[in-house]
Structures are given as structure tokens and as C-alpha cells.
Amino acid sequence: MPLSTLGWMDAPTSTKPLDQAIPAVDDGREAGRGALPNLVVIGAQKCGTSGLHYQLGLHPEIWMSKPKELNFFIKERSWNRGEDWYRAYFDARARVRGESSPNYTAYPQHLGVPERMHSVIPDAKLIYVVRDPLERIAAHWVHNYAKRREKGDLHATLTHANTSYVVRSQYHMQLQQFLAHYPLAQTLVIEQEELRTTPKATLRRVFEFVGVDPGFSHPHVGKQRHETSRKTRASRLAVRLERLSRTRGGRVLPKNVWLAVDEKLARRRPIERPDVRLALGPDVLQVLREDAERLRELTGRDFESWSIWDA
């Protein structure tokens, strides 16, 4: 069965008019010229955070970082770059300033994220996007398999202690790490399906939560950037071409040239959707089911469409 994706999963980040822009930097050269964010989309991975980031950035009162994922509060990623480096990605003139880093909800793969976040931005509002836990795991595996990061037995891969497939779908457990430092009133949990089926109403709720005009209208607000595609597994040549395109010399060529070369030479193979339910087994399914039950109790929502409830 081929995978289909919506723009809510893969939409590009937005841009602001030039008179609002601050330089996008990655080395701290503009240190101190920005401000700290007061909104963080903390996850979950493969739940439509890119699309939400884009939609938030359309609002004139909201500044969303570019790039989307700064991973500042992850010690192994960007923490040591310092607060001034982080500030440089945000415009102090915006009422709401945000970033979206799904890796923030990858405990215990990344430890200490909520503690670091609270030490810097204790008043920030947090948005957590979730979806059917099994669907998320399937999308996560396909993403990695397409990039040749995975091979071998599916059960062993999904349940290996060094991977985060299962824990990233334990939404209640991930959220509890943040609720030890942030009050529930500062968090908003939404479903990816809401962004697909009732996007305008859902975005209005999001805008109200972050404190901006909920009646904002834009041709692209609430519009599903629908694109149906079949995921493909990269060949070794495709991987080499992708790496080459990111080098200093490779960036001289326009992106469409690299896309054309990839299409002609890479020889990618279609990926079939994995049966993660069968691969995970009853014990892991029970763990996910119990976590989803606790999320129900915490949020007061039933998540009735999730396949995790099926026998």
C-alpha cells in the first residue's frame, strides 16, 4: 500500500516581508539582535509540525524561526551555542515568536530538554501535535528507510533500545516531562487529523491559545497543501548525490538541477507501508494503549479514530 502525505507534514517554512526580517544565521554573527521565543512546538515527529509551523508564520503577529528546527534545548545539538545564538533567530518586534523542534519530545533519547527550556523561557506556551501512535511509527520508519538509515528485521528495528520509534509515540509520557516544569494551562495538544479535516477552526483555536488575532484571514491559512506522493528508498548513488548537493561546490548549482539529476540517475525504489502492528507485538501495543489512555484522561479527549484501540 503506497503512502500518501499531505502538506501538513511537509510544508515549507514561511518567510516575512523584508522590513520585518532579521538575518538567518547559523554561527551567531547576529548575536543579541533578536529576542527569546515565547512559543515552542515541541512535537511530535511526523505529526504535521512543518505544516503548522508554516501556517503559524503566515500570521502577521507571529514570527516563526527559519530554519524550523533549532534544537537549542538539546545538549548534543545546539545548547552549547549559547542564548545569544538562539535569540538571533527571532524578531523582538513580533508579539509571538516561535520555533518547532520535534526532537524535544524524544525522551529518554534526549535528556534534560524541559529543564533547559524552563530555565530560559519559563513563560513560553507549548504546542504538541499528535496522531495515531501506530501511524506515526510507520511514517517515522518510512522516513528513515527512505534515507537508507534502516535495514533488517522490522520488529528488531522498531523495538531496539537505541531507537525512538515507540517512545516518540508515547505522547503522555513525553508530555509529562514538560508538565513537571510547565503548567497544563501553558500547553495545547492538537491532533494532526484536526489540521487536515477542520483546519480553519483548529488554527483559530491555536491563534487564541498563543494570544494573537484569531480572526486573521489569509488565502493560505487553513488551506491543505495537498500533495500525494509515494515514498521511495534512496539508492547509494542517490545518497551520494544528496551529500554532494550540500557541499559548497554543490550549492553553486540550482536545486532543480540536482532534482533533475536525481530523477534521471538515482533509481529510487517505491516503499510499501510496513505492518507495524504485527511487527511491534502485543506487549508493545499494550504499552502504547495504556499511554494513550492516560493522554485521554489528561486532555479529556477520546482520540477515537486511533487504530491503537483495535483488538
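This is a predicted model: local features need pLDDT of at least 70, side-chain atom pairs count only at pLDDT 80 or more; totals for chains, interfaces and linings use all residues.
Visitor: At roughly what angle do the axes of helix α2 and helix α9 cross?
Guide: Two packed helices are described by the angle between their axes and the distance between the axes. Helices (H or I, at least four residues) and strands (E, at least two) are DSSP runs, numbered from the N terminus; axes are lines fitted to C-alpha atoms, for helices over the stretch in contact, and angles run from 0 to 180 degrees between N-to-C directions. The axes of α2 (residues 49–58) and α9 (residues 199–210) come within 11 Å, and they cross at roughly 65°.

Visitor: Are α2 and α9 roughly parallel or roughly perpendicular?
Guide: Angles under 35 degrees count as roughly parallel, over 145 as roughly antiparallel, 65 to 115 as roughly perpendicular and the rest as oblique. With axes crossing at roughly 65°, α2 and α9 are therefore roughly perpendicular.

Visitor: How are α5 and α12 oriented to each other?
Guide: The axes of α5 and α12 are 12 Å apart, and the helices pack at an angle of about 135°. That angle is why the two count as oblique.

Visitor: How many charged residues does the contact of α5 with α12 have?
Guide: Leu134, Ile137 and Ala138 of α5 meet Val276, Arg277, Leu280, Leu285 and Leu288 of α12. By class there are seven nonpolar residues and no polar ones, and the charged count is one.

Visitor: Which loop holds proline 67?
Guide: Proline 67 is joined to lysine 66 by a cis peptide bond, with omega about 10°. Its place is the loop between β3 (62–64) and α3 (83–87).

Visitor: What is omega for the peptide bond from tyrosine 107 to proline 108?
Guide: Proline 108 lies in the loop between β4 (96–100) and α4 (113–120). The bond from tyrosine 107 to proline 108 is cis, and omega is near 0°.

Visitor: Is asparagine 71 buried or exposed?
Guide: Asparagine 71 lies in the loop between β3 and α3, and has a positive phi of about 50° although it is not a glycine. Buried means under 20% relative accessible area, exposed over 50%, partly exposed in between (1.4 Å probe, protein chains only). Because its relative accessibility is 8%, asparagine 71 counts as buried.

Visitor: What is the relative accessible area of phenylalanine 303?
Guide: Phenylalanine 303 lies in the segment after α12 (276–299). Its phi is positive, near 50°, in a residue other than glycine. Phenylalanine 303 is buried, its relative accessible area being 1%.

Visitor: Which helix holds both arginine 87 and glutamate 83?
Guide: Side chains of opposite charge can pair when their charged atoms come close. A salt bridge is a side-chain nitrogen of Lys or Arg within 4 Å of a carboxyl oxygen of Asp or Glu, and arginine 87 and glutamate 83 form one at 3.1 Å, N to O. They sit four residues apart, about one turn of the helix, and that helix is α3.

Visitor: How many residues apart are glutamate 191 and arginine 301?
Guide: The closest N and O atoms of the salt bridge between glutamate 191 and arginine 301 are 3.7 Å apart. This pair links distant parts of the chain, with glutamate 191 in strand β6 (residues 187–191) and arginine 301 in the segment after α12, and the separation in residues is 110.

Visitor: Which residues are linked in a network of salt bridges?
Guide: The structure holds nine salt bridges. The linked residues are Glu191, Glu194, Arg205 and Arg301.

Notes:
Residues are numbered from 1 along each chain as its sequence is written. Side-chain values use heavy atoms; hydrogens and water are left out. Contact means heavy atoms within 4.5 Å. Ala, Val, Leu, Ile, Met, Phe, Trp, Tyr, Cys and Pro count as nonpolar, Asp, Glu, Lys and Arg as charged, and the others, Gly among them, as polar.
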